Amino acid sequence: MKHRILALLAVITILITSCNKDLEIISLTLEVSKTKILNDSEDAVYVLVTDQEQRDVTNRVTLNFGGSVLDNLYVTGSDAGIFPLTANYGSIVSNSVQITVVEDPGLKFNRNVLIEQFTNNACPWCPKSIESIYNVKAVRDDIVHVAYHLDVDFFYSQNTELFFYFGFEATPSMAANREYIWDGYSSNLPLPDVGSRVGISMDVSGSIDAITADVTIEFGKIFASPVKLCLYLVEDGLIADQQSAYNNDPGSVFYQMGEVLENFMHDNVMIASFTDIYGELIPSSQIDIGSVYEKSFLMNPPETIEEGSPWITDIQNCKVVAVLTHGPEELIAGAVNSLSCRMGQSSSNGLLAGK
């Protein structure tokens, strides 16, 4: 028995020694999400630290920024200047990365709330989502709405792709800022004074044969992940009967209006896309604090709009919706700002008041 115990202890000792050796850190490599931030104590540098075996050991190190040990594994700044950043594990120190902290120029813009509604006029439950959007737009002027119809009169093929990418299974379904599913309650939308570090301006002009959208994007900070611009053509005032399950619901605006809402007016219906449905990548070389990115987009509706998709019935009822997303390139990224601009008009997010 004694010999068995000794043998077992020897095996355990070998295993512990082997594990410790596997976890031994000999050298560190520090990578950062970006090297320039604002001195607003919010803009942040995020880090990845790997060892000699390219293992992620970020959670095992401490960060030293400008001679001070940080409590967090990210970096913010309050004083402008250039400061060295290193990762430390005991006496082992990583490569040094210079981080530039710049004075905040105050470029913070009004941030609209993007509501994307997946619907179809054969869906009897969809009027509920329509009512929710009516209600929130009645009290807020910062709502950008896109209605993606999945069947019947106003179907557009890329609507379905986006629907399944979100993970939705049925209509009605709604998403807010491409960040979360929206339940229709205004209290569950972002507050209007949140602001965004990127703003959009847009001029839309043209005819039923050629539509031009001149887009200007101004950046108030550097975004580490890819930024994409989605540009969609939508139309108001499209008429089609809408099935309704709310004829007998006294709490609904559609109470006693029939099980079929005849000649129902559908707004912000997705017609076509100037860009890929997931957006067009803005080159990282164009993104800096205070930088301006400009591009003109041209759509020829007779060539662009798919056969079987809704056709433009009134060019004056058309709008262009711009959505800026930020996040991993392989995923649907969150919308950092959005803007809607009617044909023949100009529109802008504008600077956030008091910022």
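Modeller: Strand E15 (residues 211–219) pairs with strand E21 (residues 292–299) over eight bridges, in the antiparallel sense. Two strands count as paired if DSSP finds at least two bridges between them. Strands (E, at least two residues) and helices (H or I, at least four) are DSSP runs, numbered from the N terminus. Thr 216 has Glu 294 as its bridge partner in E21. This is a predicted model, numbered from 1 along each chain as its sequence is written, and local features need pLDDT of at least 70, while side-chain atom pairs count only at pLDDT 80 or more. Totals for chains, interfaces and linings use all residues, and side-chain values rest on heavy atoms, with hydrogens and water left out.

E15 has another partner: strand E14 (residues 198–206). Nine bridges join E14 to E15, and the two run antiparallel. The link between them is a hairpin of four residues. Ser 205 has Thr 212 as its bridge partner in E15.

Now the side chains of E15. Which ones point to the buried face? Ile 211, Ala 213, Val 215, Ile 217 and Phe 219 do. Buried means under 20% relative accessible area, exposed means over 50%, and partly exposed is in between (1.4 Å probe, protein chains only).

Other strands next. Strand E23 (residues 334–342) is mostly covered, with seven of its nine residues buried. E23 runs antiparallel to strand E22 (residues 318–326), joined by eight bridges. Thr 325 stands opposite Ala 335 in E23.

There is also an open sheet of three strands, in the order E1-E3-E6, paired antiparallel. Its edge strands, E1 (28–32) and E6 (74–75), each pair on one side only. E1 and E3 (residues 45–51) share five bridges. Leu 30 has Val 49 as its bridge partner in E3.

Arg 55 sits in the loop between E3 and strand E4 (62–65). Its relative accessible area is 29%, so Arg 55 is partly exposed. Arg 55 and Ile 25 are 30 residues apart in sequence, yet their C-alpha atoms are 9.6 Å apart.

Another loop lies between strand E16 (227–235) and E17, and holds Gly 237. Gly 237 is partly exposed because its relative accessible area is 23%. Leaving out residues up to four places away in sequence, Gly 237 touches Met 265, His 266 and Asp 267. Contact here means heavy atoms within 4.5 Å. Asn 268 is 31 residues from Gly 237 in sequence and 8.1 Å away in space, C-alpha to C-alpha.

Helix H2 comes next. Its buried residues are Cys 126, Pro 127, Ser 129, Ile 130, Glu 131, Ser 132, Ile 133 and Val 136. These pack against strands E10 (113–119), E11 (143–149), E12, E17 (238–243) and E18 (260–266).

H2 also gives six residues to the lining of the second largest pocket, the largest share. A pocket is found on a 1 Å grid over the protein atoms alone: an open set of points where a 1.4 Å probe fits, with protein on both sides within 12 Å along at least five of seven lines; lining residues have an atom within 4 Å of a point. This pocket holds about 240 Å³ of space. For such a volume, grid points are joined across faces, edges and corners, and the space filled by probe spheres set on the points is taken. Of its 14 lining residues, Lys 128, Ser 132, Asp 183, Gly 184 and Tyr 185 lie nearest the centre. H2 (126–139) and strand E12 (173–176) are the elements that give two or more residues to that lining. The lining divides into five nonpolar, six polar and three charged residues. Nonpolar covers Ala, Val, Leu, Ile, Met, Phe, Trp, Tyr, Cys and Pro; charged covers Asp, Glu, Lys and Arg; the others, Gly among them, are polar.

The largest pocket holds about 350 Å³. Its lining has 18 residues, with Glu 42, Asp 43, Arg 197, Lys 221 and Phe 223 nearest the centre. Six are nonpolar, four polar and eight charged.

Last, the whole chain. The protein chain has four helices and 24 strands. Of its 355 residues, 46% are buried. Among contacts with a separation of 6 or more, 71% link residues 24 or more positions apart.
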